[in-house]
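The following explanation is written for a reader who meets this structure for the first time. Please keep the sequence and the model at hand while reading.

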Amino acid sequence: MKTITTVLLLLGGVRIAQGQPVFSHYKPFDVNNISTVARNDGLLHQKYNPATIAAGFEWPKGSGMYAIYASTPWLAAKVHGEVRVAAREWASTFNPGPMDAVTHQPADRSDSTFRVYRIERSDSASWDYQHWPSSLGAPVQSNGKPLLLGEQTLWCVYNCADSTEVMPFDSKPLGVEVQQTVFGYSSLGGLFTNLMIVRYVIINKSVSTLDSMYFGFWSDPDIGDPSDDRDGCDSTVSLWYCYNATDNDAEYGLHPPAVGYVTLQGPRVVSTEDSALFVGCRVPGYKNLPMTSFVLWPNDSWSNPRTAASVYSYFQASWWSLGRHITYGGIGTDPLARPTNFMYSGDPETGTGWLSTFSRHEFGGSGPFTMAPGDTQEVVMGVLVSRGTSNTGSVTKLRNETRALLETYSDSLYKLFASPPAYMPPREIPELYHLSQNYPNPFNPGTDIQFSLPIDGQATLTVYNMLGQRVAVLASGYYQAGSYTVRWEPRTAATGGYVYQLAAGSFVRNRRMLLLK
Ligand SMILES: [Ca+2]
Ligand SMILES: [Ca+2]
C-alpha cells in the first residue's frame, strides 16, 4: 500500500492537499466485493483525511488490500475558442451543490443538504430515503419514491461554476452541474460482484455553448504495491486498465487482479442513421461515443500537464510539452510508430503490440461533443476488478468480462435509468421545533400529530389525560432533524380531552385534543 511518505517521495509534492470542499461528506459503497467511498464533490475512492490520506478502493472487501488510490471525472471544452478545463489530480475541482438555472450561480457549497445520500433495498425508514433530494435531481420512481439502482445507490450533485475560485491550470469555470449516481449489485453474482457503476448527468447551466467538449475519467490505480504496475487499453471495448507486471504482487501475492475502467455509455452526438442510449431510452438520430482516447503519463516535469491547453491536449490523445505538440506515435517508445489515440493497446497475455513499462495515473476520454446552454449529457462508467490465474490472465478475463458487461448494459441495464421526471416536494430541515395541532380534531377513531426537529436528538411525544396521567407514548427515541407524523388510535380511551406533549432538547410544548366516541 502507498503511504503518504512514499507518495510525497514518488510525486515530489505534486499531490494537491487543497481542494477539500467546505462541507465535505463521504458515504461508503460496499454492497458487494468492493468497499470504497464517494465524496460529495466527485472524488471517488480516496480516503481524504489530511492526517491519514490513503488509498480507498478495497478489493476484496475486508482484505485490507487496495486496487485503486483515487478517481475523479475530468471535463474540458472551448468557450468562444478559449479552453476551459475541470481537472485536478488526487482531488476534485468541483464544489458540492447544484447551480441555479436562471442565475447560473452555484449554490452555497457549505449547505449540508449537498451531502452524499445512500439508499439500499428494504431500508425505506432511513434518513437518506426519507430526505431523498429528488428536487435536486436524484432519480425517482414514477410514484415519486426514491429510485434504487442496483442494490445500493449513492447520489450527490456538484458543480464547476464558482468564478471567484482560482481553478487549477488557471482555467475559468465551465459552468456545468454534475449529478452523480454510484450503484452496484450483490445478488446478480459473477462479474457484478466486482463492479461499481458511476453515472454522470452533466448539465450546461452556463450562458455559453461548450464546444469541442470532452469527458474524461481520471484515476490512479494501484494493484497493491504500485511500483510494479502496468497500464493498457482495449479500445474495441472502450476499456483501459491496470495490472501487475509480474505474477506476484507484494500485497496481493500470487495471481494479482487487474482493475479496469469501461465506458458503458459515452456522450451522445448527432448521427443520422444511429440511435443512442440516453436516460433509459434509445434516441434515434444520435450515437453514443466510445472511449476516444487513453493517455498515461509518467509524472515527470516533461509530461505533466501545466496549463489548460496542455490538459486539453491530453483529451485529444496528445501531449503539450516544452512547447511541442506531440501526437502519439511521435514518442520514441511507440513500436507501432504511427499516431494513435490509444496508448499501450497491446495484449499483455500474448506479449504482442505496444505494452507499457510503467503505471502512474491516467485517464480515458470521450469526445468531442457540443453542449448548448441547458443541454444534458449522460455518461456511465463501470469500474471492474477481475482476477484470473495469472497477472496477465487477469487482463484477459477483464477484457472478456467487459465485453459481457457491455452486452448486458446495452441490452437491459441502461433501462434502469428510465424514470419519469416525477418529483416529490422537497423535504426541508425545519428551522424551529414545532408541534402541530392534531388532525382531525375532534377525532374518532384516530388522529395524526406532526412535529418538527431542527437538529438530531432525543424526542418524546406523550399523551396525558386531564388528570395528568400518562396514557400513551407515541414517539420516543433518537431522531434525525426533520418532520415526523405519528398517528394515535386509542382503543380503550374514554371520550374527553387529552394533552399531548413534545419534549426534545430544552423544547417542551403541550397541545390539547378531543376524543369523541
Ligand atoms: Ca502492484
Ligand atoms: Ca498508480
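The model is predicted. Several strands pair with E4. Strand E3 (residues 57-58) runs antiparallel to E4 and is joined to it by two bridges; here glutamate 58 has tyrosine 66 as its bridge partner. Strand E11 (residues 210-221) is also antiparallel to E4, with nine bridges between them, and threonine 72 stands opposite tryptophan 218 in E11. Strand E5 (residues 82-86) pairs with E4 over five bridges, again in the antiparallel sense, and the bridge partner of alanine 76 in E5 is valine 85. The hairpin of E4 and E5 has two residues between the strands, and histidine 80 in this hairpin takes a positive phi near 50°.

Strand E4 leads directly to the largest nonpolar core. This core holds 112 residues, of which Leu75, Ala76, Val85, Tyr241 and Met381 touch the most other members. E4 gives the most to this core, with nine residues. Beyond its neighbours within four places in sequence, leucine 75 is in contact with Val85, Ala86, Leu174, Val176 and Phe215. Another core lies apart from the largest one; it has ten residues, including Leu435, Ile449, Phe451 and Trp488.

A further element to locate is an open sheet of four strands, which follow the order E27-E26-E29-E30 with antiparallel pairing. Strand E27 (470-479) and strand E30 (507-515) stand at the edges; each has a single partner strand, so one side of each is left without a neighbour in the sheet. From one strand to the next, the twist averages 15°. Within this sheet, strand E29 (residues 496-504) and E30 run antiparallel and are joined by nine bridges, and glycine 497 has leucine 514 in E30 as its bridge partner.

Attention may now turn to glutamate 378, which is placed in strand E23 (residues 376-386). Is this residue buried or exposed? Glutamate 378 is buried, because 21 other C-beta atoms lie within 10 Å and the threshold for a buried residue is 20 or more. Its contacts, leaving aside neighbours within four places in sequence, are Arg199, Val201, Gln265, Phe278 and Val279. The C-alpha atoms of glutamate 378 and isoleucine 203 are separated by 8.8 Å, although the two residues are 175 apart along the chain.

Most residues other than glycine have a negative phi, and most peptide bonds are trans. Valine 279, one of the contacts of glutamate 378, has a positive phi of about 35°. Valine 279 lies in the loop between strand E17 (268-278) and strand E18 (281-288), and it counts as partly exposed, with 15 C-beta neighbours inside 10 Å. Histidine 45 likewise has a positive phi, near 75°, and is placed in the loop between strand E2 (35-39) and E3. Histidine 45 counts as buried, with 28 C-beta neighbours inside 10 Å.

One joins asparagine 441 and proline 442, with omega about 0°; another runs from asparagine 444 to proline 445, with omega near 10°. Proline 442 is placed in the loop between strand E24 (434-435) and strand E25 (447-453), and proline 445 is also found in the loop between E24 and E25.

Note on methods
Residues numbered from 1 in each chain as written. Chains lettered and ligands numbered in written order. Predicted model: local features only at pLDDT ≥ 70, side-chain atom pairs only at ≥ 80, totals over all residues. Buried ≥ 20, exposed ≤ 12 C-beta atoms within 10 Å, placed from the backbone. Contact = placed C-beta atoms within 7 Å. Pairing = 2+ DSSP bridges. Axes fitted to C-alpha atoms, helices over the stretch in contact; angles between N-to-C directions. Core = buried A, V, L, I, M, F, W, Y, C linked by C-beta atoms within 7 Å.
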